[in-house]
Structure formats: C-alpha cells, structure tokens
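User: Could you walk me through how to read pockets and backbone details in a model?

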Amino acid sequence: MTDVVALAQALLRADSVTPARGTVFDLLEAALRPIGFAVDRFVSGSAPDGPVENMIALRPGAGPHLAFAGHVDVVPPGDGWTGSPWSGEIRGDLLYGRGAVDMKGAVAAFVAAAAQAQGPTLSLLITGDEEGPATYGTPALIDRMAARGIAPDVCLVGEPTSVRQLGDMIKIGRRGSVNIWISVPGRQGHVAYPHLADNPAGKLARALAALQTLGLDHGNDWFQPSNLEITDIHVGNPAHNVIPARAEARINIRFNDLQRGEALIERVAAVVREHAPAASVTGKVSGEAFLTPPGPWTAVVSGAVEARTGLIAELSTSGGTSDARFLSRLCPTVEFGLVNATMHQVDEAVAVADLATLTAIYAEVIARLAA
C-alpha cells in the first residue's frame, strides 16, 4: 500500500521548478509501476518554451476510463521560508514544501488511492509544465494520447480547489483568458513644438478609456461577467520634454462561455482603431472558457466528497485558468483537490490529515465509477 505522506515528502524533496524534468518523474514512475501502471515518459519541444517532460501512466480495467491530470512542476520558492522549501518537513500537523498543495500532494493522494482501489481503467496524465507557458505540457500529452488511441471517459484534475476546508468546493468550469498587446505609433518631437510631432499617448489613453467602459456581457447562471483589465502601459520615454514616438499597452480579459477569445481580440482591435487608426493590435488566447454542467460525472465526485467529509461541495467556476482548459475538449472534466490557502506562498503547507482524507475521496471516486 502506498504511503501518501511518504510519497508526498519524496516529491516535495525533488526541486522541480518549472519546467520539471528528471528526478520528480523518476519518483513517480517508481511508485506507479509496482501497482500495475505502464509508464510512458517523453520530452517535447525546444527553447524557449521547452523542452518539457510529460508522463502518461495507464492501468487497464473494467468500466469507464478515469484520467487523473496533474503537474509536478512548481513556481520558484522565493525568499523567506522558515525552513528549506525542498525539505518535505512535517512540523506539527503540517507538511511543508513548495508544491505541497499545488499540486504534489494531490498527485501523491491519487497514486495512493489507485494502490488501494481497483476497477475502472485509470490513467495519470502528468506534465512538467503547468506553471509555465504550458506550450509543450498538457497539449503535448493530448497529442500523445491521440496517437496511442487513449480516450478517457471522464477526467479529474487535482488542482487545489478547496477554500476553507477540504471538500467545500469543486470546479466544474473555468473562465477563458486572453492577453492583448496594443501599440500606437507616433512621431517623436519636442514638447514645445507639438505641431512638429505626433503624440501617441493621448490616442492610446482615449482607446483605453473606451475599452474600460466596454460592457462585454452580464454573466450567466454559472459564470460572472467577463472583465477587461489594463495590465501595462509603456511609452519608454525617460525625458520630460520629449513627445514619445510610440505608446504601448497590454490588457487581459477573463471571459465566460458567452465569449470566444479570437472574437474578443477582434472587438478590442475595432475599438482601438476608432481612436488610433494606425495602431497594431495582437492577441494570444491562453484558453477558452469551459463548463461541465452538473450531471453524472459531477454527481460522482460530489457524492464521494460528501461520503468522506460530510460536506456538500459548492460547484464553482471561480478562479484563474488551469490545464482543464485543454482536457475539457476530451471528456467531462472537473477539478478537485486540497485547500488552496497557501499555494504559491512562502511556507506552502498541507495538513497531513487532509492528505489522508483526499486519498480516501479519490479512492471513493474510483470505487463509484467501478460500481
């Protein structure tokens, strides 16, 4: 039987700042092979977004195919930790380390659950690049699965979704995200002779003001209204008496399933060019919004949570993006994991008791699919 705490400690002791490769995957493979999983590890991509290591671990069974998706890469630890961010140290009731809740703890819990629960076909889809660009992470996993004919029926992503206590929230969707860059050209000149120059700053300011009053939608039953935020303004002008040659800005839109990323880019471009006809507008869609409506799969996960914790989990689409934005194209996808209070923080930690409970919840999910 896999000891969830020991496995979590081993994973935490492997420095795996994104993109992760090597040791952390060695540890995971060593835990999976003895419990019947065939492990396929591969490296994808090249600089600047690669190379990235990924893993598909598969154990055939009877009934539906459940894919558990997760990542073993972590954000840099930063300064100010009480101990080493790679110690995997237990102090009191807490296990400390970068990635304890986001999300090595959940990965360890699912492996431990798979060791004790039999029945359906199980796969683990583990990437070394969720915290980074994700160009060669989960998208590469999906391509590899397609090439091998691996098609899960349902997917569970182990992101830390719980808020105040383990089991209080399940994510059934996420908003999409798009970054848009705006560049307005002008003509540099002396501020005392504005007729000899063309100031792009005012044009950009008027365009941004119009964008801030642009009502995108009012939201719907599962999503809040889409929101547009200005995240950077830049003219690159160190002098106080020079009209700049160019003014630039970046915006981010977090959008619900009433919108599509490319259409938002086009909409923003149209507004900008009303005020700055020569402006260039480019965008990159990080992910589209998705929703897994309440149904049989959400009922399985909710039922398992209630059976093991007594809580009726809130079904939510709040928060940022995750790799579920890719996996939701394959099958019904939900996210459920540990309490997210310390993720990406100094002294990130998980309650040892929560690791045991999460293992029990994941085992209950597997058992319910097998029933």
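User: Which residues lie nearest the centre of the second largest pocket?

Analyst: Rolling a probe the size of a water molecule over the atoms shows where empty space is left. A pocket is an open set of points on a 1 Å grid over the protein atoms alone, where a 1.4 Å probe fits, with protein on both sides within 12 Å along at least five of seven lines; lining residues have an atom within 4 Å of a point. Here D102, E159, R174, T321 and M343 lie nearest the centre, among 15 lining residues. This is a predicted model, where local features need pLDDT of at least 70, side-chain atom pairs count only at pLDDT 80 or more, and totals for chains, interfaces and linings use all residues. Residues are numbered from 1 along each chain as its sequence is written, and side-chain values use heavy atoms, leaving out hydrogens and water.

User: Which residues lie nearest the centre of the largest pocket?

Analyst: That pocket has 14 lining residues, with G132, P133, A134, S286 and R325 nearest its centre. Strand 15 (280–287) and helix 8 (324–327) each give two or more residues to this lining; helices (H or I, at least four residues) and strands (E, at least two) are DSSP runs, numbered from the N terminus.

User: Where is the cis peptide bond that has omega near 10°?

Analyst: Look at the bond from A47 to P48. P48 sits in the loop between strand 1 (38–44) and strand 2 (52–59). Another cis bond joins T18 and P19, with omega about 0°, and P19 is in the loop between helix 1 (4–12) and helix 2 (23–32).
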